[in-house]
Amino acid sequence: MINSPRGRLIVNADDFGLTSGVNRGIIELHSAGLVTSTSLMARAGATEEAIEVARATPTLGVGCHVVLVDGEPVLPPDQIPTLIDSRTGHFPHSLNTFLTRLFTGRINAAEVEAEAGAQIDSLQQRGIRLTHIDTHKHTHVLPQVLHPVLRAARARGIRAIRNPFEPKWSIHATPRAQWLRTVQVSALRWLEPFCCGIIEKEGFATTGGTVAVIGTGILDCAMLRSMLACLPPGTWELVTHPGYNDADLECLRTRLRASRDGERDALTTLKEFPGIRLISFAELQPGSP
């Protein structure tokens, strides 16, 4: 066994509802005591199956994975024209397209709030008790998205949100990460004081940061072991994307395909760190940490 500083870790699996293979991978890891939390997509290929699984598994924390990029909206396209691609009626596939619209003032914040609220509503109305919110591709790292998403969540009784910033200690503990990804994640850290200040001011609970953002798509046992060995005291989130690479996943445009099998295996590394307490967002309270 490897000893590590005693800390609390939310092991969150993103993209619940994307495909049956992703759902299967997440629930198996939860049953094994490794995944404590997941983020559910309100409009995806296997959302209905994921909702049934979530309702039958009350020990699994479930958040709303608010999608504003690379997905299908809940609201009719004519109600959120600044968010969708008029040719498809879906959100733009490219994050760069979304960011260009956002930074040029072409995205209406009221539409972001309305769509985020509709996604939350669609899950709550099906009997899902949501523990938190986060966003697909971490778009709430930007204040222009964070503000309306928080308003939508607060109006529906949700008071916890992902801190999307990777801490320095985690970045330093991931030497094999792709250099471009490391530069991007590190550069975004200048936004952290602003976003965490907004989260605190609005009375939401969050963590000290999210681990393995730079490991997305390449996370393996050695990389996760290096991160966990450096885990300091406090509360952190480990973001993961496990699943099975099945035929449904092959049909999707995603770079996270073959890596989902690898992340399933990587999460078994958590067994080597019995001093780390695994929790879900349900255990967080506003003001912590």
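Predicted model: local features only at pLDDT ≥ 70, side-chain atom pairs only at ≥ 80, totals over all residues.
**Overall form**

The chain has 289 residues, and 55% of them count as buried. Its secondary structure consists of eleven helices and seven strands. The radius of gyration is 18 Å, close to the 19 Å that the globule rule gives for 289 residues, so the chain is as compact as a globular protein of that length. Along the principal axes, the C-alpha atoms occupy a box of roughly 55 × 40 × 35 Å.

Among contacts in the chain with a separation of 6 or more, 80% come from residues 24 or more positions apart. The accessible surface amounts to about 12,100 Å², and carbon and sulfur atoms account for 54% of that surface.

**Aromatic pairs**

The count of aromatic pairs is two. The table gives their geometry.

| Pair | Centre to centre | Angle between planes | Class |
|---|---|---|---|
| Trp169 and Trp236 | 5.3 Å | 85 degrees | edge-to-face |
| Trp190 and Phe194 | 5.9 Å | 75 degrees | edge-to-face |

Trp169 and Trp236 are assigned to edge-to-face because their planes are 85 degrees apart, where the class requires an angle over 60. Trp169 belongs to helix H6 (residues 168-172) and Trp236 to strand S6 (residues 235-240), so this pair ties together parts that are 67 residues apart in sequence. Trp169 has a relative accessible area of 19% and is buried; the cut-off for that class is under 20%. Trp236 is also buried, at 10% relative accessibility.

The planes of Trp190 and Phe194 are 75 degrees apart, which again gives an edge-to-face pair. Trp190 counts as exposed, with a relative accessibility of 58%. Phe194 is at 48% and counts as partly exposed, since the exposed class begins over 50%.

**Charges over a ring**

Which residues lie over the face of Tyr244? Arg24 does, at 3.8 Å from the ring centre. Arg264 also lies over the face of Tyr244, and its distance from the ring centre is 3.7 Å.

**Summary of the ring contacts**

The pair of Trp169 and Trp236 joins helix H6 to strand S6, and Trp169 and Trp236 are both buried. In the other pair, Trp190 is exposed and Phe194 is partly exposed. Tyr244 has Arg24 and Arg264 over its face.

Conventions. Residues numbered from 1 in each chain as written. Heavy atoms only, no water. Phe/Tyr/Trp six-rings, centres within 6.5 Å; stacked < 30°, edge-to-face > 60°. Helix = DSSP H or I, 4+ residues; strand = E, 2+ residues; numbered from the N terminus. Buried < 20%, exposed > 50% of the residue type's maximum accessible area, 1.4 Å probe, protein only. Lys NZ or Arg CZ within 6 Å of the ring centre and 35° of its normal. Rg over C-alpha atoms; globule rule 2.2 N^0.38 Å. Contact = heavy atoms within 4.5 Å. Areas by Shrake-Rupley, 256 points an atom, 1.4 Å probe, with all protein chains shown as cover.
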